Amino acid sequence: MVFSHHSHSGQFCRHAVGSLESMVAEAARKGFKMYSLTEHCPRWRDQDLYPEEIEANVTPLELEATFEAFLSEAQRLKQLYANNGRSEMEILVGMETEHIYEEDLPLLQIVIDRNRDKLDFLVGSVHHSDGHPIDFSKERFEEAVQWYATTSVLTQSGGEERVDESAAALSALLESYFVAQRRLMEAFHPDVIGHFALPLLFTPTTLLASHSTAYALAMGNIRYAIAYGALFELSSAPFRKGWDQGWPGDEVVRMVIDEGGRFCLSDDAHTVGQVGLNYHRLKEWIENVGVKREMVYRLHKPGDGPLQRIPIDEEDWKQIGNHS
């Protein structure tokens with residue numbers, strides 16, 4: 001049996017497929033001990049709608065209603081599985097955050113306050129840099145980099161040798177991302193840090209260490225998250241996107257290990273077929289990069305009690321590799 005702290009369904013997310021109940025049923029069929037339902041929070045500006053939402057004439061108000069409907073259905077499923085004995089699987093209900101512009105943080109706080117009795121935890125994620133989506137598609141990411149290339153002040157090295165514009169643009173994007181991530185962490189102390197260093201998704205060979213200011217910001221965020229007790233997501237999702245390592249990649253994982261941080265597991269599933277997908281590859285990768293069982297935790301919420309962080313035991317560690 002295994003765990004996942006991050007998932008989506010097509011019922012409440014337009015870039016996913018399938019009902020929330022079908023996702024839960026598949027997790028139970030695969031023997032998950034705990035499966036988390038973590039839909040995206042609303043976005044509040046028309047300009048932040050994604051293409052499929054614009055095509056469907058979705059409005060920001062409808063995104064708020066959709067998230068409230070998600071919470072209701074997720075709570076129904078949580079109680080269904082807790083009360084009827086059909087599965088020993090625990091269901092946790094969470095929210096995956098967004099942070100696009102500074103003024104959206106108070107709006108996010110309102111949603112959290114309104115739903116404290118329905119939310120077990122937060123996945124702290126940032127998907128934008130200066131308003132530009134950075135993981136929606138390679139084309140949108142490249143547009144963001146180009147925007148930084150044309151708006152950033154590119155200095156000269158020694159007064160003669162011009163800094164490579166693409167590298168400087170990527171540095172600016174990374175710096176903006178980590179500054180936004182820090183604001184989010186300071187505002188909400190999310191329990192799970194979702195896909196840390198997301199801008200590297202479309203530049204998998206890039207090392208943060210080659211961008212000194214961004215690296216320092218990332219290290220500061222890692223230390224801050226560790227200090228308040230956050231878990232860093234180890235995700236199997238990149239394997240289905242052609243990567244040969246999980247998220248957040250070798251470099252970041254080693255940075256977290258060196259600082260004494262703790263991790264949790266996720267599939268970030270968006271379809272039934274992605275539930276638990278590539279966990280055997282995730283297990284092999286995290287062991288190769290130096291993650292020990294004692295560093296991996298799971299969230300647990302006993303009844304009305306407080307959320308707990310529990311180290312996974314040896315049997316669960318063995319089971320991770322049995323899920324494909």
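Modeller: Axes here are lines fitted to C-alpha atoms, for helices over the stretch in contact, and angles run from 0 to 180 degrees between N-to-C directions. Helices (H or I, at least four residues) and strands (E, at least two) are DSSP runs, numbered from the N terminus. This is a predicted model: local features need pLDDT of at least 70, side-chain atom pairs count only at pLDDT 80 or more, and totals for chains, interfaces and linings use all residues. Residues are numbered from 1 along each chain as its sequence is written, and side-chain values use heavy atoms, with hydrogens and water left out.

Start with α6 and helix α7, which spans residues 212–228. Their axes come within 9 Å and cross at roughly 15°. That angle makes α6 roughly parallel to α7 (under 35 degrees; over 145 is roughly antiparallel, 65 to 115 roughly perpendicular, the rest oblique). The crossing is left-handed (the near helix is turned anticlockwise from the far one by less than a right angle; clockwise is right-handed). On the α6 side, the residues in contact (heavy atoms within 4.5 Å) include Leu174, Phe178, Val179 and Met185. They meet a set in α7 that includes Leu217, Ala218, Tyr224 and Tyr228. By class, this contact has 10 nonpolar, four polar and three charged residues. Ala, Val, Leu, Ile, Met, Phe, Trp, Tyr, Cys and Pro count as nonpolar, Asp, Glu, Lys and Arg as charged, and the others, Gly among them, as polar.

α7 has another partner, α8. These two pack at an angle of about 50°, with their axes 10 Å apart. That makes α7 oblique to α8. Their crossing is right-handed. From α7 come Tyr215, Ala218, Met219, Ile222 and Ile226; from α8 come Glu251, Met255 and Val256. This contact divides into seven nonpolar, no polar and one charged residue.

Now take helix α1, residues 20–29, against α3. The angle is about 35° and the axes lie 10 Å apart. α1 passes α3 in a right-handed crossing. Leu20, Glu21, Val24, Ala25 and Ala28 of α1 touch α3 residues including Phe70, Leu77, Leu80 and Tyr81. The contact of α1 with α3 holds nine nonpolar, no polar and three charged residues.

Ile100 counts as buried, at 10% relative accessibility. Setting aside residues up to four places away in sequence, Ile100 touches Arg43, Arg45, Asp48, His128 and Gly131.

Another loop residue, Thr203, sits between β9 and α7. Thr203 is buried too, with a relative accessible area of 17%. Beyond its neighbours within four places in sequence, Thr203 is in contact with Phe141 and Leu170.

Finish with helix α9, residues 279–289, where Tyr279, Leu282, Lys283, Trp285, Ile286 and Val289 are buried. Their cover includes β1, β10, α8, β11 and α10. Just after α9, Gly290 takes a positive phi of about 110°.

How values were computed
Buried means under 20% relative accessible area, exposed over 50%, partly exposed in between (1.4 Å probe, protein chains only).
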